[in-house]
Amino acid sequence: MGETLENHAARVLGSIRPGVPADAALREYLVSNRTLGAVGKRSVSRAVFTYFRWINWLERGESLQKQVVKALGFQTRFERDPASVKAEALASRAVPGWLAGEMELDAGTLRQLQREPALWIRAKLGGAGAVGTALGSCDPPVLPSSLAAPGELSALRYRGAADLHKAQGFQEGAFEIQDLSSQLVGHACAPATGETWWDACAGEGGKSLHLSDLMRNKGLLWATDRSVRRISVLKRRAARAGMFNYRTAIWTGTGPAPFRTPCDGVLVDAPCSGVGTWQRNPHARWTTSIDDVRELTAVQGALLGHAARSVKPGGRLVYSVCTTTRSETASVAEGFEASHPGFEPAPLPISAAGAARLMLQSRELDANGMFVAAWKRVR
Ligand SMILES: C[S@@+](CC[C@H](N)C(=O)[O-])C[C@H]1O[C@@H](n2cnc3c(N)ncnc32)[C@H](O)[C@@H]1O
């Protein structure tokens, strides 16, 4: 790598300022630094994220290089013996103080936040075996008993060191990098072949690609977002995946759908505080505030209300967020039910008990924390 790891990491850390989160600073640094290979890039990313995971254990007067080395030491010791760090210390130092008012911070949840995140991929339907064999170092997920394993789950945990973006299977669209919990949201929607679905907050298309695959590329999937840039990334990914049964449009979330077709299903994978991704992106712990949570709670309620109008009688509305705060998740779901008597809770196909709301727990799945809820339009 030439330069030392801590020097690279310190440069990235030095470029982080308000409005430039760690993942954006990293992307910019890694793109402009051509001397780093895939392994080097991964090491720099790991060092930067590890720094933010352990930042409240570090001496801020020390050089960034020294702090990075110490943070990496904390990570190694923690992975070897997670119980070596007391849950009380994690509750006060690993997360911001406001979080305790928004969710249960048990020892298992806190310890999971300090672990290094798992890397999940989603093979196209029927392709998990071939993808796993070609890549090697892949394991199928082990789901907790509260979840009904979807028959078509094609998730694999990748434990290898290869740059997956360069793998032939990735370039040919045989698999995507997608968190296991996000994949479970696709299975919670369970769209059938030939149906019409609307992925209202489609972003770069992570879930759109999955929905289309579950529909066997048949029927119609509307993919909308308010971001033109994200929709253009979605189109690139769709081309790589050989996905054809979709149309895109810009939807700002302030009114009805930009199309007239009534839908069999609508997914609102809403913008959220992202607390469920804090294991993967620990910098966000220190830039997200309770005001953000409040603001996003209102946005989610409004998006659901507008999107609900496109659900045909008998059709389903699915709400998902990669966060675990009570204000988003359960409160938004309760608010929707109180103001939409024409919708009733619908059992989620991924719930073993047929629940209509599920919190996908990071510590149980070794994946992002996510909330998912579903309703059926009854009138
Ligand atoms: C959680 S992300 C979607 C991720 C995407 N579904 C995936 O699986 O890759 C939320 C998306 O909502 C979009 N968004 C935020 N506010 C919005 C609004 N008011 N109306 C419509 N889309 C919005 C963002 O641009 C972002 O792409």
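Colleague: What share of the chain's contacts between residues at least 6 apart in sequence join residues at least 24 apart?
Modeller: In this predicted model, that share is 73%, where two residues count as in contact if their C-beta atoms, placed from the backbone, lie within 7 Å. Local features need pLDDT of at least 70 and side-chain atom pairs count only at pLDDT 80 or more, while totals for chains, interfaces and linings use all residues. Numbering starts from 1 along each chain as its sequence is written.

Colleague: And how much is buried?
Modeller: Buried residues account for 42% of the 379 in the chain, buried meaning that 20 or more other C-beta atoms, placed from the backbone, lie within 10 Å of the residue's own.

Colleague: Switching to strands, what does β3 pair with?
Modeller: Strand β3 (residues 155–158) runs antiparallel to β1 (residues 119–123), with four bridges between them, and β2 (residues 138–139) is also antiparallel to β3, through two bridges. Strands here are DSSP runs of E with at least two residues, numbered from the N terminus, and a pair requires at least two DSSP bridges.

Colleague: Which residue of β3 is the partner of W120?
Modeller: W120 has R157 as its bridge partner, and D139 stands opposite R157 as well.

Colleague: Now the ligand: which residues come nearest?
Modeller: Of the 18 residues around the ligand, C201, G203, G206, G253 and P271 come nearest, a residue being near if its C-beta atom, placed from the backbone, lies within 6 Å.

Colleague: How big a box does the chain fill?
Modeller: Taken along the principal axes, the C-alpha atoms fill a box of roughly 65 × 45 × 40 Å.

Technical notes:
A residue is buried if 20 or more other C-beta atoms lie within 10 Å of its own, exposed if 12 or fewer, and partly exposed in between; C-beta atoms are placed from the backbone.
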